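Please consult the sequence and the structure alongside the text.

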Amino acid sequence: GWDSPVTVGAEWALQMRDGEVSVSPAPTAEGRAVPPGMYRAKVQVTRSVTGGDGRVRQVQFLSNPMAFFITPQADSVAGPSAAGVFTLDGLGFAPAGAAMTILGQSLTLGAGANPAAGEFIIDSDTRLRFQPPATALRGRALPVRVLIRGASTPPIWVTLP
């Protein structure tokens, strides 16, 4: 969603060796926050090449674009409260377009102060609260996922009473 490409380097621990590139994404790129979602990257390498005339020239090589995901992070889940609400702590929950599922069943983003059955509410970038749908299976562990712009947390498991 950025207007122009950004260049990353040391802050992303960019390394190139034997034709392979590795990076460890950082929370920012050129001072901009990098929220969860799908991104594309290209690698540009500049090499010094000596021509037949003995002159050294700079030649740039550009890779094909490659897609990668920055995923939101789900650390822990607590609950349910007396009202049946669970609290999920993690990172990367606040960008627009957040979605949540329990056993593949979508929950709706709630508008009130507390989530109703089948809803979730984003309290902050690091916390959300949800109430499973009334039809959700009880008594067994169910996978809960948070999806931000196409990127999903690994499942975090809850057992509904």
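Over the ring of which residue does the charged end of Arg47 sit? The charged end of Arg47 sits over the ring of Phe61, 5.9 Å from its centre; the criterion is NZ of Lys or CZ of Arg within 6 Å of the ring centre and within 35 degrees of the ring normal. This is a predicted model, in which local features need pLDDT of at least 70 and side-chain atom pairs count only at pLDDT 80 or more, whereas totals for chains, interfaces and linings use all residues. Residues are numbered from 1 along each chain as its sequence is written, and side-chain values use heavy atoms, with hydrogens and water left out.

**Pockets**

- The largest pocket has a volume of about 1100 Å³. A pocket is an open set of points on a 1 Å grid over the protein atoms alone, where a 1.4 Å probe fits, with protein on both sides within 12 Å along at least five of seven lines. Grid points are joined across faces, edges and corners, and the volume is the space filled by probe spheres set on the points.
- Its lining comprises 29 residues, with Val6, Arg40, Ala41, Lys42 and Phe68 nearest the centre; a lining residue has an atom within 4 Å of a point.
- Strands β2 (20–22), β5 (37–41) and β8 (66–70) each supply at least two residues of this lining, and β5 gives the most, with 4 residues. Strands are DSSP runs (E, at least two residues), numbered from the N terminus.
- By class, the lining of the largest pocket divides into 19 nonpolar, 7 polar and 3 charged residues. Here Ala, Val, Leu, Ile, Met, Phe, Trp, Tyr, Cys and Pro count as nonpolar, Asp, Glu, Lys and Arg as charged, and the others, Gly among them, as polar.
- The second largest pocket holds about 270 Å³ of space. Of its 15 lining residues, Pro27, Val34, Pro36, Ile70 and Leu91 lie nearest the centre, and the lining divides into 11 nonpolar, 3 polar and 1 charged.

**Aromatic pairs**

- The whole structure contains 3 aromatic pairs, counted where ring centres of Phe, Tyr and Trp (its six-membered ring) lie within 6.5 Å; planes under 30 degrees apart count as stacked, over 60 as edge-to-face and the rest as tilted.
- Tyr39 and Phe68 are stacked, because their ring centres are 5.8 Å apart and their planes stand at 25°. This pair links distant parts of the chain, Tyr39 in β5 and Phe68 in β8, 29 residues apart.
- Tyr39 is buried at 12% relative accessibility, while Phe68 is partly exposed at 24%; buried means under 20% relative accessible area, exposed over 50% and partly exposed in between (1.4 Å probe, protein chains only).
- Phe86 and Phe130 are also stacked, since their ring centres lie 5.2 Å apart with planes at 10°. Phe86 belongs to β10 (residues 86–91) and Phe130 to β14 (residues 127–131), 44 residues apart.
- Phe86 is buried at 3%, as is Phe130 at 0%.
- Ring pairs join Trp12, Tyr39 and Phe68 into a cluster.

**Selected residues**

- Leu88 lies in β10 and is buried, with 0% relative accessibility.
- Beyond its neighbours within four places in sequence, Leu88 is in contact (heavy atoms within 4.5 Å) with residues including Ala74, Met100, Phe130 and Ile156.
- Thr101, in β11 (residues 98–102), is buried at 13%. Not counting residues up to four places away, Thr101 touches Ser106, Leu107, Pro143, Val144, Arg145 and Leu147.
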